Amino acid sequence: PADTGDAPWTPVDPGRVVGGQPRQAVANAWSDPSNAFHCGVWAGDPGAWRVRYTEHEFCHMLAGRVRIVGDDGSESVFGAGESFVIPAGFVGIWEVLEPARKLYAVYEPAT
């Protein structure tokens, strides 16, 4: 269910992993000429890792379930058919509970 076509599977940076042995794949479908906006398909295996967002990301879950836990104590679980946004500045843990696949649209403003 987490297939991204021909995109290679890679492990999450071991220094960020807090649980399991997560792998992920990204098939970027399009990037704008300024390289600030990207969209495509992401897939991930079960596991958890620390994240620090410098970009805004819109996600639409196609399969599986994920839990997003903020360092501020916030916690949300999303599954197939649900959409959410992770704003720039978010710090916390991204956890894949079941093999997951999502559509993403990422915008990273110039600094």
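Let's start at the largest pocket: its lining divides into eight nonpolar, three polar and six charged residues. Here Ala, Val, Leu, Ile, Met, Phe, Trp, Tyr, Cys and Pro count as nonpolar, Asp, Glu, Lys and Arg as charged, and the others, Gly among them, as polar. Before you click on, know that this is a predicted model, where local features need pLDDT of at least 70, side-chain atom pairs count only at pLDDT 80 or more, and totals for chains, interfaces and linings use all residues. Residues are numbered from 1 along each chain as its sequence is written, and side-chain values use heavy atoms, with hydrogens and water left out.

**Stop 1: the pocket**

The largest pocket holds about 400 Å³ of space. Select Trp42, Tyr53, Glu55, Glu57 and Lys102: of the 17 lining residues, these are the closest to the pocket's centre. (On a 1 Å grid over the protein atoms alone, a pocket is an open set of points where a 1.4 Å probe fits, with protein on both sides within 12 Å along at least five of seven lines; lining residues have an atom within 4 Å of a point. The volume is the space filled by probe spheres set on the points, which are joined across faces, edges and corners.)

Now colour the strands E3 (23–31), E4 (37–44), E5 (47–52) and E9, as each supplies at least two residues of that lining. Strands are DSSP runs of at least two residues, numbered from the N terminus. Which strand gives the largest share of the lining? That's E9, with four residues.

**Stop 2: Lys102**

Stay on E9 (residues 91–107) and pick Lys102. Is Lys102 buried or exposed? Its relative accessible area is 3%, so it is buried (under 20%; exposed is over 50%, partly exposed in between, with a 1.4 Å probe and protein chains only). Show side chains and you'll find a 2.8 Å polar contact between Lys102 and Glu57. (A polar contact is a pair of N or O atoms within 3.5 Å; within protein, one must be able to donate a hydrogen and the other to accept it, and residues adjacent in sequence count only if both atoms are side-chain atoms.) Leaving out residues up to four places away in sequence, Lys102 also touches others, including Trp42, Cys59, His60 and Trp94; touching, or contact, means heavy atoms within 4.5 Å.

**Stop 3**

Select Cys59, which is buried at 0% relative accessible area.

Next comes His60, in strand E6 (residues 56–70). His60 counts as partly exposed, at 24% relative accessibility. Its side chain makes a 2.7 Å polar contact with the side chain of Ser83.

**Stop 4**

Jump to Asp45, in the loop between E4 and E5. Asp45 is buried at 17%, and its side chain makes a 2.9 Å polar contact with that of Arg23. Among the residues Asp45 touches is Pro22.

Finish on Pro22, in the loop between E2 (17–20) and E3. At 2% relative accessibility, Pro22 counts as buried. Pro22 and Trp49 are 27 residues apart along the chain, with 8.1 Å between their C-alpha atoms.
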